[in-house]
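Look over the sequence and the model first. Then follow this short report, which takes one topic at a time.

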Amino acid sequence: MAQSGFDRRRLNGPEESWAPFFDETDSEGSSCINSRRLRIGRSAIDIRPIFLQPGLINQANGSAYIETEKTKIACAVYGPRQSKNVSFSDKGRLNVEVKFAPFSCRRRRAPMRDAEDRSIAVGIHQAVAPAVRLELLPKSTVDVFITVIEADGLEGCLSAGSIAASAALVDAGIEILGLVISCSAASINSEMWLDPTEAEVKLSEGTLVLSCIPALDTVTSVWQSGSIKPRNIVSALNVCQKRCSDIHTIVAQSLVDNVQNQTE
């Protein structure tokens, strides 16, 4: 029996294939030299420019689009709506789902979900859930759908996704205790670099993502991978918290401008 979609008259290629890519960094140089060449235009404690646009998806109750150079994420919030086929609960439920576009990474991704999608979704849920007042939404569900259009490292997706989810919840009119802001850091040659790119993460010994509510001076989540010295962790947390206060001003101003544009 002939296989469906198989042409015997032509030479059929493999089912999965991708174009080759070449690393532009000098492989002969040491990691110390490469790490100095990677960060151009900003110091170790500087973050990439942030562009945030709330209310971009009209079909959703709330939405936000965030862009930090090569990291581009769109977030849509649907709800609150009644939970079906579940027992009564005094508190609502917050569902977070993350999907990568097939063209988001250098190597084409499969359309099905994998472990990276779930791990980022869990990290964003842990960062955002403490700020949402779910006790005001009994037997209700709030769905947060995040689409990664372009990725430049998992740490950047986690921090940017948390900011976009928090802004989208505010755009949907869901009451929260405060905006959740995230900032990432990487340990490279015993030095902490804020907001690392994918190339910088590959040279690092460990990474750290801090999520907090600057308005309440409260930490909601700390996500760490790799090996980082304790003294570097303490210094990274302090610097990340200061940068979160700066990002909070940008996000709050974007939400205010969006409301003013809607009322005009």
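This is a predicted model: local features need pLDDT of at least 70, side-chain atom pairs count only at pLDDT 80 or more; totals for chains, interfaces and linings use all residues.

Helix α2 passes helix α3 in a right-handed crossing. Two packed helices are described by the angle between their axes and the distance between the axes. Here the axes of α2 (residues 115-128) and α3 (residues 154-171) come within 9 Å. They cross at roughly 50 degrees. That makes α2 oblique to α3.

Which residues meet? From α2 come Glu116, Ile120, Gly123, Ile124, Ala127 and Val128. From α3 come Leu154, Cys157, Leu158, Gly161, Ser162, Ala165 and Leu169. Sorted by class, this contact has nine nonpolar residues, three polar and one charged.

## Cysteines without disulfides

How many disulfides does a search of the whole structure find? The count is zero. Cysteine 212 is in no disulfide, and the nearest cysteine sulfur, that of cysteine 244, is 3.7 Å away. Cysteine 212 is buried, because its relative accessibility is 2%.

Cysteine 240 is in no disulfide either. Its nearest cysteine sulfur belongs to cysteine 183, 4.0 Å away. Is cysteine 240 buried or exposed? With a relative accessible area of 0%, cysteine 240 is buried.

Phenylalanine 145 sits in strand β5, which covers residues 140-150. Its relative accessible area is 32%, so phenylalanine 145 counts as partly exposed.

Now look beyond its neighbours within four places in sequence. There, phenylalanine 145 is in contact with Ala74, Cys75, Ala76, Tyr78, Arg81 and Glu97. Take glutamate 97 from that list. Phenylalanine 145 and glutamate 97 are 48 residues apart along the chain, yet their C-alpha atoms are separated by 5.0 Å.

## Backbone exceptions

Most residues other than glycine have a negative phi, and most peptide bonds are trans. Some places in this model depart from that.

Start with the peptide bond that joins glycine 79 and proline 80. This bond is cis, with omega at about 5 degrees. Proline 80 lies in strand β3 (residues 71-82).

Next comes lysine 139, in the loop between α2 and β5. Its phi is positive, near 50 degrees, and lysine 139 is not a glycine. Lysine 139 counts as partly exposed, at 30% relative accessibility. Asparagine 189 also has a positive phi, about 55 degrees, although it is not a glycine. Its place is the loop between β6 (181-188) and β7 (191-194). Asparagine 189 is partly exposed, with a relative accessible area of 37%.

Technical notes. Residues are numbered from 1 along each chain as its sequence is written. Side-chain values use heavy atoms; hydrogens and water are left out. Axes are lines fitted to C-alpha atoms, for helices over the stretch in contact, and angles run from 0 to 180 degrees between N-to-C directions. Helices (H or I, at least four residues) and strands (E, at least two) are DSSP runs, numbered from the N terminus. Angles under 35 degrees count as roughly parallel, over 145 as roughly antiparallel, 65 to 115 as roughly perpendicular and the rest as oblique. A crossing is left-handed if the near helix is turned anticlockwise from the far one by less than a right angle, and right-handed if clockwise. Contact means heavy atoms within 4.5 Å. Ala, Val, Leu, Ile, Met, Phe, Trp, Tyr, Cys and Pro count as nonpolar, Asp, Glu, Lys and Arg as charged, and the others, Gly among them, as polar. A disulfide is a pair of cysteine sulfur atoms within 2.5 Å. Buried means under 20% relative accessible area, exposed over 50%, partly exposed in between (1.4 Å probe, protein chains only).
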